[in-house]
Structure formats: C-alpha cells, structure tokens
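The stops below are meant to be taken in order.

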Amino acid sequence: WNETLRDIGIISNSTVLNFQIDKARKIISFNVTGESLGGFCRITIPNIVVQELWRGNFTVLLNGDPWSFRNWTDSTNIYIYVNYTHPENQIIIIPEFPALIPPIFMVLTLMAIFANKKRRKERLTSKTHF
C-alpha cells in the first residue's frame, strides 16, 4: 500500500476465494463458501488502508445487499466481523456513500435553489402587474 507492505487478514470458518482490492473503485471483495449452516469472517484491515479507501466510513454488502456487521479498531487495524449462512456468498466492502452521491446531491440542491428563485421572481412579477 503506497510502496509499503500491508497485510489484510481474514479469519473464517469458510473457504475464502477471489480476494480482490480495487483501489480505483475503493472496493474490497471476496467470496466465502462452506458446508456448515452458519458462517463468519473477521477481516483485519490496517487503519491507513481504511482511511485512504473510505475515509473511515464504509458499508458491507452481502450478495449485493447492505448487511449488518460489527467493527472495532485499535491503534493499527480495524476489525470487521460478518455473519452469514452458507453455502456461498460474496462480501464487498465499499465506501458508506458511493462516490457519486455527494456531487449528485449538490447538483440537485443547486437546481432546487435556482427553481425556487425563478418561482419567486415570477410571483413578484405577476403581483406587480394588475
């Protein structure tokens, strides 16, 4: 990570496959498979990676849907604990707000402001003409 070796660890009762980090899209993803009814994994990620990828705010998706998880941190790492049922799942960790949401929200807000100003101006204009 930025020319320094960083370890990301996973402890699980499942088989972990296809682990990937997509730094450009700010995604960590992997698949878990298993024979038992219930599965779990604990992902250990260095704090510097979490800050650079997600500014500390992230969400976990299980098979594309938001999924509840527990997390805690120490001075070096963040630990993310996820429960699921088997036989096979995809876990994806993404920024809490996808990168496009803030700019879209800003554009929509500006559009609403301009539309409101235009309506006010039209009301004032219509009130001055009898």
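The tour goes from the whole chain to the sheet, then to a hairpin, some aromatic residues and a loop.

**Before selecting anything**

This is a predicted model, in which local features need pLDDT of at least 70 and side-chain atom pairs count only at pLDDT 80 or more, while totals for chains, interfaces and linings use all residues. Residues are numbered from 1 along each chain as its sequence is written, and side-chain values use heavy atoms, with hydrogens and water left out.

**Whole chain**

Colour by pLDDT, the predictor's confidence in each residue, from 0 to 100. The average for the protein is 85, and 79% of the residues score at least 70. Among the elements, the lowest mean pLDDT, 67, belongs to helix H2 (residues 101–128), and the highest, 96, to strand S8 (residues 77–85).

Now colour by secondary structure. Helices (H or I, at least four residues) and strands (E, at least two) are DSSP runs, numbered from the N terminus. The protein has two helices and nine strands, in the order β-β-β-β-α-β-β-β-β-β-α from the N terminus on. Of its 130 residues, 28% are buried; buried means under 20% relative accessible area, exposed over 50%, and partly exposed in between (1.4 Å probe, protein chains only). A contact means heavy atoms within 4.5 Å. Of the contacts with a separation of 6 or more, 67% are between residues 24 or more positions apart.

**The four-stranded sheet**

Select S1, S4, S8 and S7. These four strands form an open sheet in the order S1-S4-S8-S7, with antiparallel pairing. The edge strands, each pairing on one side only, are S1 (9–12) and S7 (70–73). Neighbouring strands of this sheet are turned by 15 degrees against each other on average, direction ignored. Two strands pair if DSSP finds at least two bridges between them; S1 and S4 (residues 38–46) are joined by four bridges in the antiparallel sense. To find one of them, pick glycine 9, whose bridge partner in S4 is threonine 44.

Axes here are lines fitted to C-alpha atoms, for helices over the stretch in contact, and angles run from 0 to 180 degrees between N-to-C directions.

Select S5 (residues 58–62). Five of its five residues are buried, so the strand is largely enclosed by the rest of the structure. Show the side chains: Phe58, Val60 and Leu62 point one way, and Thr59 and Leu61 the other. In a regular strand the side chains alternate between the two faces of the sheet.

Which residues stand opposite leucine 61 in S9 and in S6? In S9 the residue is isoleucine 92, and in S6 it is proline 66. S5 pairs with S9 (residues 88–95) over five bridges and with S6 over three bridges, in the antiparallel sense in both cases. S5 and S6 form a hairpin with two residues between them, and asparagine 63 in the turn has a positive phi of about 55 degrees.

**Tryptophan 67**

Move to tryptophan 67, in S6 (residues 65–67). With a relative accessible area of 34%, tryptophan 67 is partly exposed. Its side chain reaches the backbone oxygen of asparagine 83 at 2.7 Å. Leaving aside neighbours within four places in sequence, tryptophan 67 is in contact with Val60, Leu61, Leu62, Val82, Asn83 and Tyr84.

**Aromatic cluster**

Select Trp54, Phe58 and Phe69, which ring pairs link into a cluster. Rings of Phe, Tyr and Trp (its six-membered ring) pair if their centres lie within 6.5 Å; planes under 30 degrees apart count as stacked, over 60 as edge-to-face and the rest as tilted. The structure holds five aromatic pairs. In one of them, the ring centres of tryptophan 54 and phenylalanine 58 are 5.5 Å apart with planes at 45 degrees, so the pair is tilted. Tryptophan 54 is buried at 3% relative accessibility, and phenylalanine 58 is buried at 8%.

**Histidine 86**

Finish in the loop between S8 and S9, at histidine 86. Is histidine 86 buried or exposed? At 12% relative accessibility, histidine 86 counts as buried. Its side chain and that of serine 14 are joined by a polar contact of 2.7 Å. A polar contact is a pair of N or O atoms within 3.5 Å; within protein, one must be able to donate a hydrogen and the other to accept it, and residues adjacent in sequence count only if both atoms are side-chain atoms. Beyond four places in sequence, the residues in contact with histidine 86 include Asn13, Thr33, Glu35 and Leu37.
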